[in-house]
Amino acid sequence: MNLADCYKSLGLNTGSSREEIKASYRRLVRKYHPDVNRDDRQAKDKFIAIQEAYDFLMENVKEPEVSPQSTASQQSQQKVSTPPQAKVTKTNKVKTIEIQPPLSPEEQKLKWQSYNQLQVLLRDQRYPRAIALVEGLAQRLPEDLEVRQWQAITYQRTGRHFVDRKQLEKARVYLKKALKIDPHNRSLWQEVERDFRRIEQIY
């Protein structure tokens, strides 16, 4: 992997600034995110390539040197303009991009292997195995909000499964877990609300 290829993966000219890299990364990640392109293998591969290119550029592209006075001014502006984590509510994906720490190549590999396995388990409705997998991954990568999102989705899908089987108490437990794990995910809230309405109708 070289700098030119990484810039190209992010749709940038060689030599673009770190701010330009971050802006392009955020835009492309939202576009190619696996949750948005569930059945598109090419989009998933593109997403991984974008992540790898971004990580490489962040490690190798340095900010130009500035005076201490300028640095202090920039830091002051950032403190004013950057909202706290709890207030980043536009979408869960944006929050993930802003604060997620970089992963090592081994962690990236583990994460996406687990993601593929999780998709198979959910498709086959093997919910206990899916929960064990995603909870183990969350313990391994506790700071990865994307993994936390997968965990919440797994709980929600498990809760819906119990609604279908009219095991309503179990359904409530998992639906509440889903909201607790990922409370700022609007689409998740909508799905959980739909499931709770079905519970009320059954009663």
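Q125 follows α6 and has a positive phi, near 60°. Helices are DSSP runs of H or I with at least four residues, numbered from the N terminus. The model is predicted: local features need pLDDT of at least 70, side-chain atom pairs count only at pLDDT 80 or more, and totals for chains, interfaces and linings use all residues. Numbering runs from 1 along each chain as its sequence is written, and side-chain values use heavy atoms, leaving out hydrogens and water.

**Exercise 1.** List the buried residues of α6, then find what covers them.

*Solution.* Buried means under 20% relative accessible area with a 1.4 Å probe, protein chains only. Q108, K111, W112, S114, Y115, L118, L121 and L122 of α6 pass. Their cover includes α3, α7 and α8.

**Exercise 2.** Describe the largest nonpolar core and the surroundings of I21.

*Solution.* A nonpolar core joins buried Ala, Val, Leu, Ile, Met, Phe, Trp, Tyr and Cys residues through side-chain atoms within 4.5 Å. The largest has 32 residues; L10, I21, I50, L57, L118 and W150 touch the most other members. α3 gives the most to this core, 7 residues. For I21, set aside neighbours within four places in sequence. Contact means heavy atoms within 4.5 Å. I21 then contacts Y7, L10, L12, S16, Y54, L57, M58 and V61.

Note on methods
Buried < 20%, exposed > 50% of the residue type's maximum accessible area, 1.4 Å probe, protein only. Helix = DSSP H or I, 4+ residues; strand = E, 2+ residues; numbered from the N terminus.
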